[in-house]
Structure formats: C-alpha cells, structure tokens
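Good morning, and thank you for coming.

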Amino acid sequence: MTNASRLFTPVTMGALDLPNRVLMAPLTRNRAYDDGTPWEKAQVYYGQRASAGLIVSEATQITPRGKGYIKTPGMHSDAHVDAWRKITDAVHARGGRIFLQLWHVGRISHDSLLPEGETPQAPSAIRADQKTFTADGFTDCSEPHEMSLEEIAETVEAFRQGAQRARDAGFDGVEIHSANGYLLDQFLQDKTNHRDDDYGGSVENRMRLVREIIDAVATVWPRERVGIRLSPLGQGNDIDDSDREGLFTAVYKMISEARLAYLHVVEKLHGFDTDDEEVKLLERLREHYEGFYISNGGYDAEHAEKMISQGYCDAVTFGRPFIANPDLPERFRVGAELNEQDPDSFYGGDEAGYVDYPFLPSAQVT
C-alpha cells in the first residue's frame with residue numbers, strides 16, 4: 001500500500017479535517033479506577049495512537065446509573081473532566097483528534113455496579129439473557145426496571161451534561177452510543193421495548209429518545225462535531241427487532257436529516273458471522289443515509305481501501321488491530337507486518353498489553 005492509497009487521502013468530516021481514514025474504534029479496556037476516573041496510563045495509551053485519523057474513546061458512562069462493567073471510565077464529575085483533559089492534551093500534543101463516546105448501558109448491568117439500592121434501567125422490565133463483568137467475574141445481568149418518564153428526562157439531561165463535560169475536557173467532539181444492545185438501542189428495538197407510552201410502540205415513538213438526546217447534545221456541540229454509532233444487525237447483548245429493516249431505514253433517515261458529523265455503523269461484531277443477506281441489508285440501509293459514513297467490523301487494510309474506493313464508506317474504524325499496533329496507519333501505509341494480539345490483556349490488567357506494544361522505527365512515539 002502506497003501514499004496514493006485512499007486510506008491516506010485527507011478528508012473533511014463535519015468540522016474536522018482528518019489526515020487519513022484509518023480511525024480508531026471505541027475499545028473498552030477495563031482499566032479505569034472504581035469511581036470512573038481514567039487511569040493515568042491512559043494518557044500514554046491514547047497519545048501513542050494519535051496518528052489515527054480520529055480516535056473515538058472507549059465507551060464512557062454519563063451517569064453512575066449507566067455503568068455496566070467494572071473499571072469503565074465515566075464523565076459525570078469534575079475529577080473525570082480533569083483526568084480526561086490530560087488524555088486529550090496528550091493526543092493533541094501529537095497532532096491527533098479525539099471524540100468521547102457517550103454511553104449508558106441500560107439493562108446490560110448488575111445491581112452491584114450501580115448506586116446502592118438501584119437496579120438497571122431499561123425501556124421495559126425485561127431481563128437480558130447476557131452476562132456482564134463484575135468484581136466477581138462474568139455474572140448474569142440483573143433484572144431491570146422500566147424507566148419512568150422522569151428517569152428518561154434525567155437521562156437526556158445526563159447526556160447533555162456528559163457532552164458539556166467532554167467539551168470542558170478538551171475533546172474535539174462526541175459520539176452518541178446507540179449500538180450493541182445498550183440503552184438507546186434497547187429503546188429502538190421491539191424485543192426490549194414493550195412500552196405503550198410516547199417512547200414505545202411505533203417506530204417513531206421508539207426513536208424519540210435518540211432524537212431527544214441528539215437535540216440535547218447539539219445544544220452543547222455544533223452538529224458537525226457530533227457523531228452517532230448504530231448496529232443494525234442486532235449482534236450481541238440479546239437485542240433484536242421484528243422488522244429490523246423497517247426500523248433502521250427510519251433511523252438512518254432520521255440521522256441523515258439531523259446533519260451530524262458522521263454515522264458510525266457496526267457492520268460485524270467480533271465473534272459473529274455476517275451472512276449474504278445481512279450484507280445486502282447493510283447495503284440497502286446505506287442508501288438512506290447522506291453524510292459521512294464510517295464502517296466498522298472485521299476490516300483489514302485491503303478491504304477498507306476497496307470499500308472507500310467504491311464510495312460505500314468514507315472511513316473505517318479499526319478496533320483490535322489498534323490495540324496491538326499503536327502505529328497502525330504507518331503499518332498499513334508501508335505494508336508492514338502487524339503485531340500479534342494478546343487477547344488475555346484486552347480487558348483489565350496493568351501496562352502489559354496496554355502501552356507496551358512495539359512501534360515501527362519510523363513511527364516511534366516518545
């Protein structure tokens with residue numbers, strides 16, 4: 001792969017000019033402190049990966065009620081802002097760009113992770129057939145409660161406040177996490193949303209929360225600095241819809257009309273196969289979105305180059321390859337071999353498998 005590759009053609013995404021289209025996907029690493037404050041070594045970790053066209057941070061809960069796994073970072077206190085500011089400074093010092101992913105897990109949680117006496121929040125009181133990661137290891141998700149209208153309003157405000165704190169912490173923008181079976185996805189899909197009020201029933205009603213959160217975040221950030229992530233194939237976290245294409249056709253159109261910086265789509269989740277019909281579904285849905293489109297899931301450099309060249313997507317996010325290769329864009333550019341991944345250190349642990357993967361000599365960060 002040469003410098004002429006489309007992967008290395010600069011591109012404008014919303015209000016940002018990106019030097020390349022090799023973007024870093026959000027990657028949960030379970031190395032934050034118990035109160036949600038990012039670990040100091042995260043400054044090194046993100047700074048090492050600043051050559052990405054854009055970094056999307058690991059998923060970050062915007063309220064203590066939105067936590068679903070141990071040692072995930074938050075953005076709901078002054079201490080969080082201060083710690084994240086050091087991370088954004090490290091990325092910017094190396095010429096990078098970074099968005100914060102705003103997150104609420106909904107029912108993919110356990111009572112032990114939440115404020116005392118609380119149960120997971122969800123659109124409906126339907127327990128997920130899924131495990132989550134607690135201090136006792138992988139544990140069945142707890143029974144959630146159906147959110148009241150007051151709780152929904154509080155959640156919209158928590159997303160707005162999280163967006164404001166992200167701005168205070170020096171991020172370049174934010175991504176709304178509406179994918180992978182977490183809270184916003186739970187409101188969208190009828191397997192998990194059995195409500196009979198203004199947030200349930202029709203597709204229009206089930207999209208209401210996502211629309212309200214977009215509008216709330218857009219009071220803090222210009223829309224050209226706000227992105228959103230979707231996963232229309234329903235892979236993972238016990239999520240599904242009886243009319244997936246009808247639902248996500250409407251969602252894609254809504255996002256297109258919202259004129260955000262980008263739409264980021266999980267097209268394949270690790271550990272899941274994508275069949276021909278699902279690929280065709282993604283292609284049909286793609287026709288309903290006009291704007292900057294970011295693909296994610298199972299891509300290598302060659303496939304990313306092909307899909308960008310064909311006009312299917314504008315950029316690609318890479319997950320696990322960025323864990324093991326902090327200099328991933330340079331490795332793609334020169335056709336270098338990728339480092340071997342250490343899955344045992346993906347979730348939790350210390351510096352090993354976090355900030356110690358080697359660079360190419362031509363890409364070394366000091």
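I begin with a salt bridge between glutamate 154 and arginine 65, whose closest N and O atoms are 3.1 Å apart. A salt bridge here is a side-chain nitrogen of Lys or Arg within 4 Å of a carboxyl oxygen of Asp or Glu. The pair connects distant parts of the chain, 89 residues apart: glutamate 154 belongs to helix H3 (residues 149–168), and arginine 65 to the loop between strand S4 (55–61) and helix H2 (78–93). Helices (H or I, at least four residues) and strands (E, at least two) are DSSP runs, numbered from the N terminus.

Before I continue, please note that this is a predicted model, in which local features need pLDDT of at least 70 and side-chain atom pairs count only at pLDDT 80 or more, while totals for chains, interfaces and linings use all residues. Residues are numbered from 1 along each chain as its sequence is written, and side-chain values use heavy atoms, with hydrogens and water left out.

The terms are defined as follows: buried means under 20% relative accessible area, exposed means over 50%, and partly exposed lies in between (1.4 Å probe, protein chains only).

How many salt bridges does the rule give? The count comes to 19. One of them joins arginine 244 to aspartate 240, with the closest N and O atoms 2.7 Å apart. Aspartate 240 has a relative accessible area of 28%, and is therefore partly exposed. Salt bridges with shared partners also join Arg65, Glu118, Glu151 and Glu154 into one network. A further salt bridge links the side chains of aspartate 327 and arginine 331, at 2.7 Å from N to O. Both aspartate 327 and arginine 331 are buried.

Let us turn to helix H8, residues 276–286. Its buried residues are Glu278, Leu281, Leu282, Leu285 and Arg286. Why do they lie on the same side of H8? They do so because they cover an arc of only 135 degrees around the axis, the arc being that of the directions from the helix axis to the C-beta atoms. On the face of H8 turned away from the buried side are the exposed residues Asp276 and Glu277.

Next, the backbone. Asparagine 180 is not a glycine, yet it has a positive phi of about 60 degrees. Asparagine 180 sits in the loop between strand S10 (173–177) and helix H4 (183–188), and it counts as buried because its relative accessibility is 9%. Aspartate 238, likewise not a glycine, has a positive phi of about 55 degrees. Its place is the loop between strand S11 (226–230) and helix H7 (244–258).

Glutamate 302, in helix H9 (residues 301–309), counts as exposed because its relative accessibility is 62%. The C-alpha atoms of glutamate 302 and aspartate 241 are separated by 33 Å, and the two residues are 61 residues apart along the chain. Glutamate 340, in the segment after helix H11 (328–334), is exposed because its relative accessibility is 72%.
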